[in-house]
Amino acid sequence: MASTMESTMAATQVRPAEFNDHTVQTPSLEKDIDEKINTINVDTEIVEPDLDLYVPLKMEGGIVDDHNPLTIRAVLVGICLGCLVNASNLYLGLKTGFTFSANIFGAIFGYGIVKGLSKSKLPILGGSFGPQENSIIQAAATGAGGIAGIFVAGIPAMYLLGAETGNPRDDFGKIITITLVCSFFGLFFVTPLRKFFVIQVARELKLLFPTPTAVALTIKSMHAGAAGAREALSKLKALGLAFSLALIQRVASYYAVGILYDWHVFTWIHIWSNYTSWAMNIESWGWYFEWTPAFIGSGILIGMNSAISLFGGAIIAWAIIGPALVHYGECIGKHQVDDDPRWEDWYSFASLSNLGHETPSPRYWLLWPGVFIMVCSSMAELFIQYKVIGYAGKVVWQKMCANIHYLLAKTGKHSTYFAAHAELEVKASDNIIEDPAPPEEQVRMWMWVTGLIVTIAAAMIIFALQWGMNPGLTILACVLGFLFSFLAIQIGAVTDQTPLTAASKASQLVFGAATKNSGFSIKDAQRINLVAGGLASGGADVATALTSDFRTGFLLGTSPIKQWYAQAMGTLIAVFLAPGMFILFTTAYPCILDGSDHCAFAVPSVAAWAAVAQAVTDPAVSIPLKSGIFSIVMGVVSILQVIFRHFYLVGEREKYRDYLPNWGAIALSFVLPSPVFTTAAMFGAIVAWVWRKWKLSSFELYGYAVAAGFIAGEGLGGVIGAALQIGGVSGDVLGTTVGCPAGYC
């Protein structure tokens with residue numbers, strides 16, 4: 001699961017035991033869940049025993065060596081696929097709080113499209129097609145598919161709180177500029193991190209980057225002669241079929257939502273009992289099943305451990321703690337329908353409105369344990385790697401000294417201190433993998449330095465004039481964005497999870513302290529809190545995604561400068577596409593920004609960002625005492641498990657790590673407004689488990705492609721649904737709500 005729930009469901013681990021002595025010993029890679037769900041596809045035929053994944057892959061003899069993979073067709077196809085993912089992520093993020101990566105979708109669909117075009121004799125469309133060009137497609141798709149996270153979290157939260165007046169359509173220019181800053185800030189400052197994380201310290205720190213590595217292996221396999229082409233075609237057909245079915249199902253379900261999408265079983269029982277049953281007391285807590293292809297697909301991806309942790313967390317939150325809080329008067333619910341006695345037992349326990357002025361809902365009470373567990377478990381995962389962090393810091397300092405020594409030498413000056421440390425750096429580099437890209441194929445320093453300086457300067461001007469944030473706070477947001485990126489890349493490279501939710505909440509807490517007693521009104525402080533948090537987490541989100549993309553290109557031998565150009569072109573498109581999609585959805589569904597009941601979009605990330613902003617800026621809003629105590633206790637428990645896993649479950653006991661609960665997934669169940677998405681993910685995980693048991697080779701070939709198709713297909717269906725809503729021909733006008741409680745689904 002933004003990232004955020006936004007960017008990215010970030011708080012888990014992939015079993016590092018599977019990567020022994022920096023070589024792959026097994027093909028099994030299980031993706032744990034996070035706000036930003038990535039696809040992993042490592043086939044048993046792809047991963048060869050003892051394959052060294054810290055050097056570029058050796059290509060098959062028949063694979064074409066691309067001399068210039070940065071082609072017009074690759075960039076255009078990648079951007080188109082990325083735009084599709086971007087639009088899908090706006091729908092999925094606003095509805096569920098989750099966004100999805102464009103990597104495997106772009107890799108497989110891009111292969112199919114360009115492979116077909118390559119047979120043409122036309123000068124631009126035709127010609128040979130190899131793995132490096134395939135990675136350019138993915139790079140462009142990653143760039144175009146990014147930055148959606150800020151539009152499912154901080155920006156709509158400003159309108160929800162009234163910290164920003166007007167509407168997004170009138171503020172289109174302001175939204176474009178903040179998107180531009182967040183996107184290119186991440187793009188420019190991540191550029192030097194490629195060499196550091198992907199090449200210099202990857203082996204020492206065991207930075208495998210599981211998902212990008214799996215994508216590189218998939219691309220390699222699809223280009224491995226006739227057998228690879230047949231396998232790629234099978235994957236493409238599976239992805240295309242799943243995409244089409246999910247798209248059709250989502251659009252059709254708008255016209256019969258209670259039949260084709262939401263199965264409110266307890267509502268049905270209540271209706272069949274002539275409205276006399278106790279079933280609505282269960283329905284009120286969100287216990288119904290939703291046939292959402294996106295979350296069934298995510299369940300296929302994340303594996304049983306994360307799915308069980310998600311579902312178990314939902315039971316703890318929404319079947320045990322929540323009802324107990326209401327029973328003892330700690331929290332209250334709100335009637336969904338006031339004037340119909342048939343539905344008098346139907347409540348909502350997920351409201352985050354009117355905070356500080358009435359008894360809170362169970363959702364607000366549960367929000368704090370969820371956030372605190374995410375922060376504690378993510379920070380514990382980071383600090384438990386203190387040795388490798390120290391090594392990384394040492395390498396960074398040595399590189400800085402070497403660069404300073406080089407600059408001094410060019411001006412005819414000399415420093416004994418920097419010269420000595422530069423010599424140390426040269427000696428350390430004997431154990432570092434040489435960058436396979438020649439200097440002319442690397443991004444020039446002046447390019448990213450100039451871009452970074454211009455972006456930061458523009459940010460200070462834009463944020464001061466348009467958002468009322470002084471330059472000092474803007475620089476603080478940039479520094480936090482860099483720090484969060486550095487940490488998120490390192491954690492994600494080892495565990496395949498990016499703790500962007502923890503980073504975003506941490507940034508909100510920092511800016512809550514920074515604006516306290518500074519003379520800002522409550523609304524101004526909330527606007528600054530959300531804008532600054534969006535800059536920090538948005539930049540970190542983009543930087544993390546693009547570093548992962550550099551890892552894929554490194555393994556495939558793609559030119560970094562060409563990959564960077566593709567990323568930049570895709571990012572430029574995203575700057576205009578993401579705000580446009582945001583305006584489309586908020587125009588079609590105004591309830592996204594006004595917090596109305598019975599909205600088609602639950603906007604969980606928006607509500608969570610708004611609640612945290614209120615808690616750190618409004619003296620009338622506080623964290624319930626018992627919620628705070630419970631948060632601390634659960635945070636400590638999650639930290640203890642991290643310590644237990646890293647220091648005790650080693651050697652022969654390492655196999656028991658698979659049975660430990662995933663605290664990041666549990667925390668997300670606390671933050672989500674209902675258990676409906678966790679139920680769908682659990683269903684998908686069960687399907688994947690049965691499929692694996694029945695025929696592993698079939699699952700390895702089709703499973704992840706089907707999941708990626710489900711996710712993208714439903715997302716595009718949501719975009720079409722928004723267009724139908726604006727056109728006045730949507731399901732709420734022409735459809736039926738049969739099977740929905742009180743006519744609401």
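A polar contact is a pair of N or O atoms within 3.5 Å; within protein, one atom must be able to donate a hydrogen and the other to accept it. The close-ups below all come from a predicted model.

**Figure 1. N662 caps helix α24 at its N-terminal end.** A side-chain oxygen of N662 lies 3.1 Å from the backbone nitrogen of G664.

**Figure 2. Helices α13 and α23 pack with their axes 8 Å apart.** Helix α13 covers residues 362-383, and helix α23 covers residues 625-647. The angle between them is about 25°. That makes α13 roughly parallel to α23, because angles under 35 degrees count as roughly parallel. The crossing of α13 and α23 is right-handed. From α13, the contact includes W365, W368, P369, F372 and I373. C376, S377, A380 and E381 complete the α13 side. From α23, K626, S627, F630, S631, I632 and M634 take part. The α23 side also holds G635, S638, I639, V642, R645 and H646. By class, the contact of α13 with α23 has 12 nonpolar, 6 polar and 3 charged residues.

**Figure 3. Helices α25 and α26 cross at roughly 150°.** Helix α26 covers residues 696-726. The axes of α25 and α26 come within 7 Å. α25 and α26 are therefore roughly antiparallel to each other, since angles over 145 degrees count as roughly antiparallel. Their crossing is right-handed. On α25, the contact residues are A688, W691, R692 and W694. On α26, they are L696, S698, F699, E700, Y702, G703, Y704 and V706. The contact of α25 with α26 divides into 8 nonpolar, 2 polar and 2 charged residues.

**Figure 4. Helix α8 packs on α26 with the axes 6 Å apart.** Helix α8 runs over residues 225-253. The angle between α8 and α26 is about 30°. α8 passes α26 in a right-handed crossing. How do the residues of the contact of α8 with α26 divide by class? There are 17 nonpolar, 5 polar and 5 charged residues.

Figure 5. Is S118 buried or exposed? At 16% relative accessibility, S118 counts as buried, because the cut-off for buried is under 20%. Leaving aside neighbours within four places in sequence, S118 is in contact with R73, L125, G126, G127 and F129.

**Figure 6. Y54 and L207 are 153 residues apart along the chain, with their C-alpha atoms separated by 8.6 Å.** Y54 sits in the loop between β4 (51-52) and α1 (72-96). Y54 is buried, with a relative accessible area of 2%.

**Figure 7. D262 lies in strand β6.** The strand covers residues 262-263. D262 is buried, with a relative accessible area of 4%. Which residues does D262 touch, not counting residues up to four places away in sequence? They are V257, Y288, F289, E290 and C745. D262 and C740 are 478 residues apart along the chain. Their C-alpha atoms are separated by 7.8 Å.

**Figure 8. N274 and A742 each have a positive phi.** Most residues other than glycine have a negative phi. Phi of N274 is near 60°. N274 is found in the loop between α10 (265-272) and α11 (280-283). N274 is exposed, with a relative accessible area of 55%. For A742, phi is about 55°. A742 is found in the segment after α27 (731-734). A742 is partly exposed, with a relative accessible area of 26%.

Conventions: Residues are numbered from 1 along each chain as its sequence is written. This is a predicted model: local features need pLDDT of at least 70, side-chain atom pairs count only at pLDDT 80 or more; totals for chains, interfaces and linings use all residues. Side-chain values use heavy atoms; hydrogens and water are left out. Axes are lines fitted to C-alpha atoms, for helices over the stretch in contact, and angles run from 0 to 180 degrees between N-to-C directions. Helices (H or I, at least four residues) and strands (E, at least two) are DSSP runs, numbered from the N terminus. Angles under 35 degrees count as roughly parallel, over 145 as roughly antiparallel, 65 to 115 as roughly perpendicular and the rest as oblique. A crossing is left-handed if the near helix is turned anticlockwise from the far one by less than a right angle, and right-handed if clockwise. Contact means heavy atoms within 4.5 Å. Ala, Val, Leu, Ile, Met, Phe, Trp, Tyr, Cys and Pro count as nonpolar, Asp, Glu, Lys and Arg as charged, and the others, Gly among them, as polar. Buried means under 20% relative accessible area, exposed over 50%, partly exposed in between (1.4 Å probe, protein chains only).
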